Amino acid sequence: MKITFTDASKSEIVGFMVEEGGKLPAAAEALDEATGGLLSEAANSGRFGGKTGQQAFVVLPKGSDAKRAALIGIGKAKGRDERAWERIGASTYKAHANSGFKSLDLIIDDAADAARAALGAKLAAYRFDTYRTKLKTEDKPSLNALNLVSSDSKAAKAAFKPLDAGADGTYLARDLVNLPPNDLYPASYAARIEELAEHGLEIEILGEKDLAKLGMNSMLGVGQGSVKDSKLGIMRWNGGKEGDAPVALVGKGVCFDTGGISLKPGAGMEDMRGDMGGSAAVVGAMLALAKRKAKANVVGLVGLVENMPDGDAIRPGDILKSASGQTIEVQNTDAEGRLVLCDVLWYAQEHYKPAAIVDLATLTGAIVIGLGHHHAGLFTNNDKLSDQLTKAGMAEGERVWRLPLGPEYDKQLKSKFADMRNIGGRAAGSITAAQFLQRFINKGQTWAHIDIAGVAWVEGEKAPTDPSWASGFGPRLLDRWIAENYES
Ligand code: BES
Ligand code: MN
Ligand code: ZN
């Protein structure tokens with residue numbers, strides 16, 4: 001969808017914002033008069049009262065500049081924050097997407113509000129139709145142009161620019177999660193990452209030989225049963241001061257998770273195409289940072305593997321030596337995400353000495369039981385980082401909720417044979433997974449782990465800003481967190 005900013009109306013449908021109470025905005029007065037009061041009549045008929053989510057439509061008389069007017073309820077001023085404007089943009093887009101009309105104006109005078117509404121509409125307009133060959137024209141959206149009308153359209157356009165970069169990150173993350181595992185596997189994924197070099201990111205891809213040299217046997221173990229070679233994807237954005245320690249973003253990129261020899265049940269296994277959602281969040285965030293030319297040093301690292309059962313796959317009982325030197329008894333090959341992350345975290349920490357590390361992963365089913373689909377689980381060794389991520393997530397509608405860490409939980413990882421085992425028993429499954437990761441984080445290293453298993457994809461009815469199976473959770477949270485805390 002093409003998004004533009006002007007100071008005058010120009011589209012087939014012109015949308016006016018009407019506050020609760022139903023009073024027409026000043027911007028609608030001229031058209032109301034010219035049409036003999038059609039707009040005020042619509043504003044005062046039926047159930048329309050300017051409440052959020054309500055809309056009234058007006059067919060404009062022949063000779064008018066536009067074909068339709070829409071009165072869009074925006075509720076009360078109190079509590080109408082950035083998120084509310086996103087929802088207004090998104091639900092208005094949705095209401096007109098299949099109307100048969102191509103262009104829509106939204107008349108929103110405040111530059112920041114207009115930019116947020118544009119973001120909402122863009123998020124709502126995402127589609128994943130790559131694999132459909134039989135889509136009829138009437139099943140495709142007709143609306144392909146959105147124009148924001150405000151007196152200072154330059155300011156609105158400027159305010160939208162960084163938000164647009166965030167939305168591009170979300171789009172990319174959604175695409176990656178939606179893609180089927182026969183087309184998105186470590187090598188093809190790495191090739192997509194390499195394409196990001198055109199945005200100024202420095203890309204490095206390590207293959208199995210490199211990973212073996214680095215001693216990353218835990219991650220390699222997970223990919224061992226797959227005919228697809230494992231890869232470590234590294235993306236660097238150097239927008240900050242030279243020499244400033246970077247922020248490291250680490251993502252779980254299990255392109256498909258069968259469970260391995262500890263095979264998952266068949267029903268619903270196709271969802272495990274999305275088990276690379278953590279890595280998608282990181283890749284999307286790196287794109288957003290590059291597109292808005294963030295003034296920060298950031299490195300993104302994604303461990304790309306496929307977890308398959310095979311004659312050569314790792315077994316329950318195998319003991320792996322991780323890059324950190326610590327040994328791991330594999331008791332369940334389906335607890336593979338942590339086996340990947342522990343080596344990537346170690347590499348990130350040793351190689352980059354980061355100011356902070358945040359990892360994201362669809363790590364545990366237990367987090368879906370605990371928090372459902374509306375918050376990701378946050379685990380961190382740093383209260384300040386906890387506050388920063390919580391605040392950024394609230395503001396972008398990618399919410400995180402902190403859960404505890406502690407030595408009592410860590411004990412559940414004891415192994416009879418090795419330094420640790422890769423599962424912690426039934427109790428507190430998401431916490432023991434986080435404890436496992438923490439064993440690879442040095443004392444004093446600021447670190448957070450975000451378990452996104454419940455939010456990376458959601459089936460069924462959702463917010464209009466979240467139209468596809470894959471939510472694209474992560475890029476905007478990470479981008480905002482960096483903007484608020486690592487850029488002056
Ligand atoms: N990828 C799964 C976690 C998952 C489950 C993500 C549901 C999204 C939706 C992960 O690799 C896994 O299988 N975890 C196991 C861990 C267990 C064996 C300790 C789980 O949660 O059952
Ligand atoms: Mn698994
Ligand atoms: Zn997994």
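Ligand 1 is surrounded by 16 residues, the closest being Lys 264, Asp 275, Asp 334, Glu 336 and Gly 365; a residue counts as near if one of its heavy atoms lies within 4 Å. The model is predicted, so local features need pLDDT of at least 70 and side-chain atom pairs count only at pLDDT 80 or more, whereas totals for chains, interfaces and linings use all residues. Residues are numbered from 1 along each chain as its sequence is written, chains are lettered from A and ligands numbered from 1 in the order in which they are written, and side-chain values use heavy atoms, with hydrogens and water left out.

**Contacts of ligand 1**

- An oxygen atom of ligand 1 lies 2.8 Å from an N or O atom in the side chain of Glu 336, and an oxygen atom of the ligand is 2.9 Å from such an atom in the side chain of Asp 257.
- A nitrogen atom of ligand 1 is 3.4 Å from a polar backbone atom of Thr 362; a polar contact is a pair of N or O atoms within 3.5 Å.
- Taken alone, ligand 1 exposes 510 Å², of which the protein buries 77%; accessible areas come from the Shrake-Rupley method with a 1.4 Å probe.

**Metal site**

- The manganese ion (ligand 2) is coordinated at 2.0 to 2.2 Å by Asp 257 (OD), Asp 334 (O), Asp 334 (OD) and Glu 336 (OE); donors are N, O and S atoms within 2.8 Å of the metal (3.2 Å for Na, K and Ca).
- The six donor atoms of the manganese ion (ligand 2) make angles of 73 to 168 degrees, and the site is irregular; six donors count as octahedral if opposite donors are over 155 degrees apart and all others between 65 and 115.
- Asp 257 bridges the manganese ion (ligand 2) and the zinc ion (ligand 3), which are 3.2 Å apart.
- Asp 257 in strand β9 (residues 247-257) and Glu 336 in the loop between β12 (327-329) and α10 (337-352) are 79 residues apart, and the pair links distant parts of the chain; helices (H or I, at least four residues) and strands (E, at least two) are DSSP runs.
- Asp 257 is buried, with a relative accessible area of 3%, and Glu 336 is buried at 1%; buried means under 20% relative accessible area, exposed over 50%, and partly exposed in between (1.4 Å probe, protein chains only).

**Ser 471**

- Ser 471 lies in the loop between β17 (447-451) and α15 (475-485) and is buried at 11% relative accessibility.
- A polar atom of the Ser 471 side chain lies 2.7 Å from the backbone oxygen of Val 455.

How values were computed: Tetrahedral: all angles 85-135°; square planar, octahedral: opposite > 155°, others 65-115°. Polar contact = N/O pair within 3.5 Å; in protein donor to acceptor, adjacent residues only side chain to side chain.
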